[in-house]
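Let us walk through this structure together, one region at a time.

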Amino acid sequence: MDYVTLGRTNLKVSVAGLGCGGHSRLGQSYGNTEAQSVAVVSAAIDMGVNFIDTAAAYGTEEIVGKAIRGKRDQVVLSTKIPVVPSGDNSLGDTLVAPSDFKRGVEASLKRLGTEAIDILHLHGVAPNQYAQCVQDHVPVLQELRAEGKIRFLGLTERFIVDPQHAMMMQALKDDYWDVIMAGFNMINQSARQRVLAATRDKNIGTLIMFAVRRALGNKDELRAVVRQLVAEGVVDASLLDLEDPLDFLVNSGDARSVIDAAYRYCRHEPGAHVTLTGTGRIPHLTENIASICGAQLSSTHIDRLTEIFGNVDSVSGN
Ligand SMILES: NC(=O)c1ccc[n+]([C@@H]2O[C@H](COP(=O)([O-])OP(=O)(O)OC[C@H]3O[C@@H](n4cnc5c(N)ncnc54)[C@H](OP(=O)(O)O)[C@@H]3O)[C@@H](O)[C@H]2O)c1
């Protein structure tokens, strides 16, 4: 495993981070038992992963708590609290009251079985919600930090509905955030200019989500997304094979699979500290860690991916 410094936090973190949400939620989405999901987290730690990302909304905090029992000092724990009341429209303007938000953090601490959370994020903030979050929730985060219950302030974007990073671009003008989580992948590279340029400048710890998701893990999904982008006029159809859009990465021998290429692509992006991988299967985890610790794709392929997808900011690859 390779380790890097997570920006201004000075935490030493593995370049591969275990994401306990996404479509898998450690396999809880498709029937893993709790013990199987605990085993995925334990396997990650055994393979040198020390960055674990979960959230109140994922239903995996207790699983993480069980897996890290007796090993708390070996891991950097990242979790998130929603800014909208549960059951409300997640894009709505009515946000969770500061007192309820604080109670949410206390509940996460209990589920995780820890005295302090290393990075506490506002979860999936939409562009219309950010200003209110600064007014209502940032003071609570600062209070929690003063009480020693959280160590660093984090913020994640709602990439599926905000693939242009409108919220994060507002947030990066402020100086509250020690760590942020942004969507970035081979198809939507727009975070390079809009997010990573600023996080590098401000030395903000940067976590990458959506490296694979659905579009880069499934050929039919990829074909559909690429056709949509061609129809929108942002991808030039003459630059790729519409049937197998990214097979050139594999056929050339550069990558073992599109998924392998997808994780390596993110890991080597300047400014990306931790590339998250979400899975409920230990064989996938093993492969993905090998990818994230592997070499960058060839510069010819990096340039070709920029040429093909460099104008895309309308899809997340979800
Ligand atoms: N706004 C937010 O705050 C936000 C939003 C989204 C995600 N996140 C965080 O980012 C993390 C990463 O996102 P993600 O979980 O969507 O991650 P991802 O790594 O981009 O994609 C994971 C998906 O790919 C599959 N997969 C993984 N490895 C595979 C392999 N080797 N072969 C075939 N399929 C494979 C997984 O299913 P299997 O279980 O079958 O492997 C899962 O469906 C999340 O877990 C979460 O912690 C945060």
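A residue is called buried when its relative accessible area is under 20%, exposed when over 50%, and partly exposed in between, using a 1.4 Å probe and protein chains only. You are looking at a predicted model, in which local features need pLDDT of at least 70, side-chain atom pairs count only at pLDDT 80 or more, and totals for chains, interfaces and linings use all residues. Residues are numbered from 1 along each chain as its sequence is written, and side-chain values use heavy atoms, with hydrogens and water left out.

Let us begin with Thr-5, which sits in strand 1 (residues 3–5). Helices (H or I, at least four residues) and strands (E, at least two) are DSSP runs, numbered from the N terminus. Thr-5 is partly exposed, at 31% relative accessibility. Setting aside neighbours within four places in sequence, Thr-5 is in contact (heavy atoms within 4.5 Å) with Asn-10, Leu-11, Lys-12 and His-273. With Lys-12 there is also a side-chain polar contact of 3.2 Å. Such a contact is a pair of N or O atoms within 3.5 Å; within protein, one must be able to donate a hydrogen and the other to accept it, and residues adjacent in sequence count only if both atoms are side-chain atoms. Gly-205 is 200 residues from Thr-5 along the chain, yet their C-alpha atoms are separated by 8.1 Å.

Next, turn to helix 2. Why is this helix described as largely enclosed by the rest of the structure? Six of its eight residues (61–68) are buried, namely Glu-61, Ile-63, Val-64, Gly-65, Ala-67 and Ile-68. These buried residues pack against helix 1 (34–46), strand 4 (51–53), strand 5 (76–82) and helix 3 (98–112). After helix 2 comes Gly-70, with a positive phi near 80°.

Strand 5 is itself largely enclosed, because six of its seven residues are buried. Strands 4 and 5 run parallel and are joined by three bridges; two strands pair if DSSP finds at least two bridges between them. Across this pairing, Phe-51 stands opposite Val-76 in strand 5.

Now for the ligand. It is surrounded by 30 residues, the closest being Ser-24, Tyr-30, Asp-53, Tyr-263 and Thr-279; a residue counts as near if one of its heavy atoms lies within 4 Å. The shell divides into 11 nonpolar, 13 polar and six charged residues, where Ala, Val, Leu, Ile, Met, Phe, Trp, Tyr, Cys and Pro count as nonpolar, Asp, Glu, Lys and Arg as charged, and the others, Gly among them, as polar. Taken alone the ligand exposes 910 Å², of which the protein buries 89%. The elements giving two or more residues to the shell are strand 7 (150–157), helix 10 (258–267), strand 10 (274–278) and helix 11 (282–292).

Helix 11 also holds Asn-288, which is buried at 6% relative accessible area. Beyond its neighbours within four places in sequence, Asn-288 is in contact with Ile-259, Tyr-263 and Thr-277.

Finally, look at two loop residues. Arg-25, between strand 3 (16–19) and helix 1, has a positive phi of about 45° although it is not a glycine. Phe-210, between strand 9 (205–209) and helix 8 (219–232), has a positive phi near 70°. Is each one buried or partly exposed? Arg-25 is partly exposed at 27%, whereas Phe-210 is buried at 10%.

Methods: Areas by Shrake-Rupley, 256 points an atom, 1.4 Å probe, with all protein chains shown as cover.
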